Amino acid sequence: MAKKLLLTYLFLIVFPLTIVTIISYSIFKNNMENRVAQSVEHSVQLVQHEAEAYFDNLVALSAQIMQQDSITEDSRMTALIASRIDIVGQPDHYVDYMQNQKILLYLNTNILDRQRDIKMAVIRLTNGETFQSKRTAASIDNSTLEQMQKDVMDSQMQWLVQPISPKGNAPEFYLIRKINLPGSNRFLGILVFEVKMDALAITMRRALLPGQEAAILWQQSSVLYDSGDWWRTLPIELVPKRSESLERESSQGRILVTYSSPLDSDWAVVTYVTFSELSEGIIPIQRTLMIAAIACIVAAILMALLLARSILRPVWSLRNAMRRMSKGFLQTQVSVQGKDEMAELTHVFNSMSHELSEMIEKVYVAELSQKDAELQALQAQIDPHFLYNTLESIRMVAEMQGSPDAGKMLRAMAILFRAATDTESMVPLEKEAILFEQYAMLHEIRLNGPLQLSIQLDPSVKMCRVPKLTLQPLLENCFKHGYAAWPSGAPIVVHLQAFREDNDLVLDLTDYGTGMTAKRFEEVELALKSGHAHTEVGTRVGLLNVHERLRKRWGNGYGITIFSKPGMGTVVSVRLPYQLQLTEEIGYESTNR
């Protein structure tokens, strides 16, 4: 029943709670991933604006050469470049030197000093003349510059960007700018920047999420920056005038790809981040939810156990009481708790137990009365005085003819016979001890050795009432079994001790004979517990009869207990109520009830 209640509780509460928790967590995780994706998309747009501003600043810096920048108050840079192209013949060395210095000064002050990411600035004129200012030892050969000039002319654009194969931790690129004479379409040459993207890489890394990689594209095809080499392995089709988040599969699992590609910009930013990285922020929340869910489930199970226990405790108590009653404890009662149906059922059981005990007691008293009537009818058939007088006459003749042992035996037998034919069923312990001693005297002559009989009665128990002829069967078993194989001439020792223990009287009869084997002792114990003999010799029927007589009169708490060891002897302990006065209904009354 407990299992059924617990399973019902699990199916109705715990399992639905678990399913709801899993579904709620899945919905929460999806919502969190969508929100993170939106946040990533917004951050990508911000990164795109930062990158666009970075490159626009470089483009604007390259355009300053054709605007109002001047080296001196009366000298414009484009005019100086044009004059260099228009020189006919051999130039003046001083003028040539000064013009070279002015152009290099412009490259250093107006270009390199303004933008620390520019490693090198180069001006190449249409006449092939080259002016180069740089921070490192690297340089661009003339053939490369010539190709750059051709590319920018073919593109019909004012400037181009060309990526450079990475030479270190940060990527690099070339920014190539046309130099035109202001106010005309005259092409003067190109301005080339070699840019190292250290600052932009740091800025982007700070703006990106942990584990997120980014790529910067020019004209949606030329990759200038790719922190994780993702664009090469997982390219996507960029749609101009859109910011979008996509899901892609890769060897590392699901990937969130987000890009920003404005229509009016030459630059696009693409970011890559695995969903496992996105979920890392959710892990603490996931753990909290799981701990809370597990705590709720455990609490629900504990509540189920407590509820089942509270429901089943009265059932278990009633079941245990029924088991006790089935074992003979007919006066078993169960404490009543509450006012529910189980309490009503407990009341009915207690009433049934009480009524059953009263009925059995009435039947038992009736049976005792019947047995007493039968015994009295048997006694009435024999005249005890005639038999006693006859035995006394035989005893006197035996003594006169020189047989004192026969006389003693006849006297003892006469005393025992008178006690047996007496209608009194309960006698004082002191009188029972005299009958016990006379019975021992009958057996002393036929024994192989001298009898050493010891009787110790506590003064407080001498007048205690006991069933008549209780000790004689025990003494007979002592002689019959304890000393059956006793050596001839060896002393036979029997000790009787009586004392009070709480409200009980205890009689211990001890012999120091052969004792019982373990198997025999087990058989005797089994017979006393079951009330039936299980061996070929009847399991000492005298013991069993006395034991059953005491149990039927006073209950299972009274009767005979045996202690025995081979070669050491046997102790037969008799327990019965400590009673001093007889009553009419039950036959005794305790003075300490």
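**Exercise 1: Strands side by side**

S11 and S12 form a hairpin with five residues between them. Keep in mind that this is a predicted model.

*Solution.* 

Step 1. Finally, check burial, where a residue counts as buried under 20% relative accessible area.

**Exercise 2: A helix and its surroundings**

*Task.* Which residues of helix H2 are buried?

*Solution.* 

Step 1. Locate H2 at residues 77-85.

Step 2. Apply the burial cut-off to each residue in turn. The buried ones are Met77, Thr78, Leu80, Ile81, Ala82, Arg84 and Ile85.

Step 3. Draw the conclusion: because seven of the nine residues are buried, H2 is largely enclosed by the rest of the structure.

**Exercise 3: Aromatic rings**

*Task.* Describe how the ring of Trp159 pairs with the rings of Trp218 and Trp267.

*Solution.* 

Step 1. Recall what is needed: a pair of aromatic rings is described by the distance of the centres and the angle of the planes. Planes under 30 degrees apart count as stacked, over 60 as edge-to-face and the rest as tilted.

Step 2. Search the whole structure, and eight aromatic pairs turn up. In one of them, Trp159 and Trp218 have ring centres 5.8 Å apart and planes at 40°, so this pair is tilted. Trp159 belongs to strand S5 (residues 159-164) and Trp218 to strand S8 (residues 213-218), so the pair links distant parts of the chain, 59 residues apart. Trp159 and Trp218 are both buried.

Step 3. For Trp159 and Trp267, the centres are 6.2 Å apart and the planes are at 20°, so the pair is stacked. This pair also links distant parts of the chain, S5 and S12 (residues 267-274), with 108 residues separating the two. Like Trp159, Trp267 is buried.

Step 4. Arg500 sits over the face of Tyr578, 4.0 Å from the ring centre, and Arg553 sits over the face of Trp554, at 5.4 Å.

**Exercise 4: A pocket and its lining**

*Task.* What lines the second largest pocket?

*Solution.* 

Step 1. Note the volume of this pocket, about 220 Å³.

Step 2. List the lining. It has 14 residues, and those nearest the centre are Leu528, His547, Gly559, Ile560 and Thr561.

Step 3. Sort the lining by class: four residues are nonpolar, six are polar and four are charged.

Step 4. Trace the lining back to helices and strands. At least two residues each come from helix H14 (518-530), helix H15 (541-554), strand S18 (559-565) and strand S19 (569-577). S18 gives the most, with four residues.

Key. Residues numbered from 1 in each chain as written. Predicted model: local features only at pLDDT ≥ 70, side-chain atom pairs only at ≥ 80, totals over all residues. Heavy atoms only, no water. 1 Å grid on protein atoms, 1.4 Å probe; cavity = no way out; pocket = protein on both sides within 12 Å on 5 of 7 lines; lining within 4 Å. Points joined across faces, edges and corners; volume = space filled by probe spheres on them. Nonpolar A, V, L, I, M, F, W, Y, C, P; charged D, E, K, R; others polar. Buried < 20%, exposed > 50% of the residue type's maximum accessible area, 1.4 Å probe, protein only. Phe/Tyr/Trp six-rings, centres within 6.5 Å; stacked < 30°, edge-to-face > 60°. Lys NZ or Arg CZ within 6 Å of the ring centre and 35° of its normal. Pairing = 2+ DSSP bridges.
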